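Me: I'm new to this one and would like to go through it step by step. Could you show it to me before I start asking?

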Amino acid sequence: MALLPEPIPVHVLSPFSQAFSKMRMKAYAETHLGASGLRFKENLIKAFIEYVRSQDEICCGRPEPSPEGIVVAWWKKQKHRHIAGLPQGRLYPKLKRRSHESAYLAEVTCHYITDKDADLNLIQKKALQRWEKVKNELMDSMAIKDASLIADGHGIIQSVISIFNDLFLLGALRRVKFDWIREAEGVPDMALGYGSDSSIQLHPTSLNSDPEVSLAVSRLSTLLHEMIHAFLAQFTCSSCKKLWHGRDWQVLAKRIEEVAPGLLGFRAALGRFDGLIYDLKHGIEKLPSMHDVLHYNFEQVLPTDELYGEGAPSKLVEDIPTKLVKSRRLSW
Ligand SMILES: [Zn+2]
Ligand SMILES: [Zn+2]
Ligand SMILES: [Zn+2]
C-alpha cells in the first residue's frame, strides 16, 4: 500500500488544474488591460481564496476518526523529541535528525525568528553583523545574469547559508552541499532550485517570474525557499513529515518574508503561492483550509503603493486573530 498519494501524471489535467484554469480566466477578466503583472497575481490569489472558501463550505476535509482509534504501524510508533528552550547564547539547540514533529518544529522556529532588536539573541546579532558586512558586495555580485560565473560563488553561497541559518533556522541546519543546477544538453530545467536534507541547488539563470524583483533578490529568496526544505527534511520525523509546500513549510516561509525587509533590507518573496499551486495541481498536497489560507496571507509579498518595502501584512484579507491560529496549530 502506498503511503503517499500517487502524484497525478502531468498529462492528465487534475481536478484542481481544471479549477485553477478557471481561476486564471477570472483573474484575467478582472485585471485591467495594461495593468501590471502584480495586479493579475493579486486577482489570482483572490480567486484562489474564493475557491478555497467555496470548498471549505462543502467539506472541511478532516478524516473521520475510526471507533477503534487510529491504527499505527509499529514503525511509526516512536516518540517525538522536544527541544529544550531556544538558543540564547552560543549554544545551539540540539536538534536530532528526523526526530521532531514538523508542526511543532515549525512553531518553535517561528518563535525564534524576529526582527525586534530586543528579541534578537547573540547568535542572531552576530549573524546580522556578518550580513551587514557582506550585504552590498554580495548583492552586487549576485546581480549578474549567469550566477555560475560568480567568482567563488559556492563559497559565497555557503557563507550566506550560514548567516540565514543563524538568523532564521535556530543555527541548526547541518551542512548541505551547494551547487548550481547543471542542465543536460537540450534538457532545460524549469526549477528555480532544489532543496533536500543534504543539498541545495539553484538555477544559475532562471529567475522568479514576479516583476520588479531584482536578480539578487530572486536568488536569495529561492535560497531561503530551499533552505526551509532542507531544514524540515533534516529534522522532521520521517514517519509523519510532510514534504513540499504544506503548512509547516508555509508558516516558516511566511515568517521569514515578514522579517526580511527589516533584517536583510530587501523584500523576500519565497514563492509560497506558486509552490502550493504546483503541489495542488500535481496532487501532492490537499487543499488547505480557509483558516490556513487567510493565515498564509499570500498577498503580503505584493507591493501595493502604501506597503512597498514595508513588509507589513496586506490589508486585502481579514487576518484571523493570532490566538486562534496558535491554538489550532497546537492541537495538530
Ligand atoms: Zn469542518
Ligand atoms: Zn512522527
Ligand atoms: Zn519548494
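Me: Is Arg182 buried or exposed?
Reply: Arg182 counts as exposed, because its relative accessibility is 62%. Please keep in mind throughout that this is a predicted model.

Me: And which residue does Arg182 form a salt bridge with?
Reply: The partner of Arg182 is Asp179, and the closest N and O atoms of the two are 2.8 Å apart. Asp179, for its part, is buried, since its relative accessible area is 17% and the cut-off for buried is under 20%.

Me: How many salt bridges does the count come to?
Reply: The count comes to twelve salt bridges. Among them is the one between Lys135 and Glu132, where the closest N and O atoms are 3.5 Å apart.

Me: Where do Lys135 and Glu132 lie?
Reply: Both residues lie in helix α4, which covers residues 122-141, and they are three residues apart, or about one turn of the helix. Glu132 counts as partly exposed because its relative accessibility is 44%.

Me: What about Asp292, what does its side chain meet?
Reply: The side chain of Asp292 meets that of Arg247 in a salt bridge, with 2.7 Å from N to O. This pair links distant parts of the chain, as Asp292 belongs to helix α9 (residues 290-296) and Arg247 to helix α7, 45 residues apart.

Me: Are those two buried or exposed?
Reply: Asp292 counts as buried because its relative accessibility is 4%, and Arg247 is buried as well, with a relative accessible area of 6%.

Me: Which residues are linked in a network of salt bridges?
Reply: That network of salt bridges links Lys26, Glu30 and Glu50.

Me: Buried or exposed, for His229 and His245?
Reply: Both His229 and His245 are buried.

Me: Now the surface: which residues gather in a patch of positive charge?
Reply: The patch of positive charge on the surface brings together Arg81, Lys94, Lys96, Arg97 and Arg174. One of these, Lys96, is found in the loop between α2 (37-58) and α3 (102-112). Lys96 is partly exposed, because its relative accessible area is 38%.

Me: And which residues form a nonpolar patch there?
Reply: Leu243, Trp244 and Tyr278 form a nonpolar patch on the surface, and together they have about 310 Å² of accessible area. Tyr278 comes from helix α8, residues 272-281, and is partly exposed because its relative accessible area is 41%.

Me: How many of the residues of α8 are buried, then?
Reply: Seven of its ten residues are buried, so helix α8 is mostly covered. The buried ones are Arg272, Phe273, Gly275, Leu276, Ile277, Asp279 and Leu280.

Me: Last one, what follows α8?
Reply: α8 is followed by Gly283, which has a positive phi, near 70 degrees.

Key: Residues numbered from 1 in each chain as written. Chains lettered and ligands numbered in written order. Predicted model: local features only at pLDDT ≥ 70, side-chain atom pairs only at ≥ 80, totals over all residues. Heavy atoms only, no water. Patch = residues over 30% accessible without salt bridge, like charges linked within 9 Å, V, L, I, M, F, W, Y side chains within 5 Å. Areas by Shrake-Rupley, 256 points an atom, 1.4 Å probe, with all protein chains shown as cover. Salt bridge = Lys/Arg side-chain N within 4 Å of Asp/Glu carboxyl O. Lys, Arg positive; Asp, Glu negative; His and termini not counted. Charge placed at Lys NZ, Arg CZ, Asp CG, Glu CD. Helix = DSSP H or I, 4+ residues; strand = E, 2+ residues; numbered from the N terminus. Buried < 20%, exposed > 50% of the residue type's maximum accessible area, 1.4 Å probe, protein only.
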